[in-house]
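This report describes a structure in short sections, beginning with a sheet and ending with salt bridges. Please keep the sequence and the model at hand while reading.

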Amino acid sequence: MLIKVDAGKCQGHGRCYALAPGLFDLDENGNALAKDGAVPPDQVELAEIAASNCPERAITLE
Amino acid sequence: MGYQKRSERGEEPAPKGKYIGFLGPLDQDPFAGIEALGQRPPFWVDDPNDVDGYWVATGFEDVRDILQDTDTFSSIEANIPFVMMPEPLLPTESDPPFTQKLRSLLMPHMTAKKVGVLDPRMREVCRGIIEGFKGDGKCDAVEQFSRVYPITIFIEFFGLPAGQKEEFRRQANIFLHFADQRFDAWMKIRAIVEEQIIAKRASPADDLLSAIATGRLDGELIDIKTAVNLASTVFVGGLDTLPSNIAWALRFLANNPQYRREIIENPGVVPGAVEEFLRLYSVANPMRRIMRDVVVSGANMLKGDRVLCSIAAANRDNSVFGDKAVFDRKSNPHLAFATGPHRCLGSHLTRHELAVALEIWHELIPDYRVSPDAQIHYQGPIFAMEGLPLEWSV
């Protein structure tokens, strides 16, 4: 599973980072960046939680 | 420019919905009113307090999508009730790409990480205030706590002198709640802020005002007028919202001991409780002006109309969130801080301060109730309680 954050939609709510700090980074404005690489199997549920909590629907899991 | 009524634009009246109070003194608990309204497509209300009627959007998806689509739904000359101001409030009353340009000055200074640095000070201030009245066995949680703690933190974070705290709060309250005095209050706030901006530009400190005073737009030092405007908007946006959030949360917990028990027994639920209170008691009602004819869930919105987004109604959409308060829900994509490029810049400060307030309050005063003879009065359009008498055993 790969995480994608749509930079055009992300507004820096920071929910993904708060819920799954291992899977996301924040830039200096507080906007989210997905960490590189595949989501470890034991963090797939966490990735799904992060995506479903995004008010902007900016996170997709592929 | 200004607002042109639907009838003056030669348009037919829109199908009407039931008017519920959003503005000024409200005759009932606004959230109870919104709850009773339920979910429906956007409807038109004739507001006795305004120059014309406007649309009210209540659906979760409608509100989210409207706030994201800034091409169709502009923030310029969108306010309800309509008041012509000497200048637009920035960045609130701007549209992209100017919005992002202005916000890029503020965002790096208002991130969760930056705000997190204030945690020990938040705890210290909160504890000091609550310990001050704990022995009395009662307090007005609005007058003595929810309006005192946030401004104490905000003044320091912002970089304003503490001595003028009460005057700042008073002007912000007038600005937010009394449309007929809004212009005057804005000019007073502006004058206070301008003095500070000029001082900070000469000798910057490590605070938000200094960051604004020395900020750059397109590589050029920001002009004083824009800096004062930005800082004044941040100031009015930060003062009244969090006090309301705290008051609504405390009243809910006073009236619902089983939820209070969760917080007392396991402070680890606080972050989830914060999200749930933000969802259930969303105090802001963002307004937009429609830039092209558009159909939203069957409602024919016309160019020139305005729409009020009831975030509280959207966040109480049972098809998304169910009908109960749940502190440990897995998914809580609430819209309390709006969506789109105008996402509340104070969201991280609000979350952190609200969490600290709930933790420290329940550590010091775990059991309390609303005073039986309490008469609670309400205000809009930032949904506020004017006083919340609480009591407990000492």
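## An open sheet in chain B

Chain B contains an open sheet of 3 strands in the order S1-S13-S14, paired in the antiparallel sense. Strands here are DSSP runs of E with at least two residues, helices are runs of H or I with at least four, and both are numbered from the N terminus. Two strands pair if DSSP finds at least two bridges between them. Strand S1 (24–26) and strand S14 (384–386) of chain B stand at the edges with a single partner strand each, so one side of each has no neighbour in the sheet.

Strand S13 (residues 377–380) of chain B pairs with S14(B) over 3 bridges. Within S14(B), B:Glu386 stands opposite B:His377.

## Basis of the model

This is a predicted model, in which local features need pLDDT of at least 70 and side-chain atom pairs count only at pLDDT 80 or more, while totals for chains, interfaces and linings use all residues. Residues are numbered from 1 along each chain as its sequence is written, chains are lettered from A and ligands numbered from 1 in the order in which they are written, and side-chain values use heavy atoms, with hydrogens and water left out.

## Nonpolar cores

A nonpolar core is a set of buried Ala, Val, Leu, Ile, Met, Phe, Trp, Tyr and Cys residues joined through side-chain atoms within 4.5 Å. Buried means under 20% relative accessible area, exposed over 50%, and partly exposed in between (1.4 Å probe, protein chains only). The largest nonpolar core has 115 residues, of which B:Phe145, B:Tyr149, B:Phe235, B:Trp361 and B:Leu390 touch the most other members. Apart from it lies another core of 21 residues, including B:Leu67 and B:Cys309.

## The interface of chains A and B

In chain B, 22 residues are in contact (heavy atoms within 4.5 Å) with 18 residues of chain A. Across this interface there are 3 salt bridges, each a side-chain nitrogen of Lys or Arg within 4 Å of a carboxyl oxygen of Asp or Glu. A:Glu45 meets B:Lys330 in a salt bridge at 2.5 Å, N to O.

The side chains of A:Arg57 and B:Asp65 also form a salt bridge, at 3.7 Å, N to O. This pair runs from the loop between helix H2 (44–52) and strand S4 (59–61) of chain A to helix H2 (residues 60–68) of chain B. A:Arg57 is partly exposed, at 44% relative accessible area, and B:Asp65 is partly exposed at 34%.
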